Amino acid sequence: MDEKSCPFCSPETRSRAVAEKGTVFAMEDSSPVTEGHHLVIPFRHTPEFFTMTGRERRDALELVALLRDRIAASDPSVKAFNLGVNCGEEAGQTVMHAHIHLIPRRKGDTPDPRGGVRGVIPGRMSY
């Protein structure tokens, strides 16, 4: 995927930014897993988390923390968070522009949350 065909590089997507920190911006996910699901995305077109610069990763993690605080303060039903990054097609990445998912979690949003992100391979969620 090049910059011209990348949905995260489009002016329309960038106009949906709800926050920025240096080299990255955040927006609400267009197909949220839960209410308040956000993406943190570098402005620079780069394929995945491991190709982000050190500064981009630092800015991204600072913006994740800011969003986490903002969400937790505005919605007392949020009790926890999942933080996820898919790196490559085999890992489930569908937009080949680095992005970090911040997913708020609420008590009872799934019958058994044990295993969390291990659920990417359903048979390995419980241990």
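Visitor: Why is D109 called partly exposed?

Guide: In this predicted model, D109 has a relative accessibility of 35%. Buried requires a value under 20% and exposed a value over 50%, so D109, at 35%, counts as partly exposed.

Visitor: What makes the contact between R105 and D109 a salt bridge?

Guide: The closest N and O atoms of R105 and D109 are 2.8 Å apart. The cut-off is within 4 Å, and therefore the pair qualifies as a salt bridge.

Visitor: Is R105 buried or exposed, and how do you know?

Guide: R105 has a relative accessible area of 19%. Because buried means under 20%, R105 is buried.

Visitor: How do you know that R55 and D59 meet in a salt bridge?

Guide: Their side chains come to 3.6 Å, N to O. That value is within 4 Å, so the term salt bridge applies to R55 and D59. Both residues lie in helix 2, four residues apart, which is about one turn of the helix.

Visitor: What makes K21 and E62 a salt bridge, and which parts of the chain does the pair link?

Guide: The side chains of K21 and E62 meet at 3.1 Å, N to O, which is within 4 Å and therefore a salt bridge. The pair links distant parts of the chain, with K21 in strand 1 and E62 in helix 2, 41 residues apart.

Note on methods
Residues are numbered from 1 along each chain as its sequence is written. This is a predicted model: local features need pLDDT of at least 70, side-chain atom pairs count only at pLDDT 80 or more; totals for chains, interfaces and linings use all residues. Side-chain values use heavy atoms; hydrogens and water are left out. Helices (H or I, at least four residues) and strands (E, at least two) are DSSP runs, numbered from the N terminus. Buried means under 20% relative accessible area, exposed over 50%, partly exposed in between (1.4 Å probe, protein chains only).
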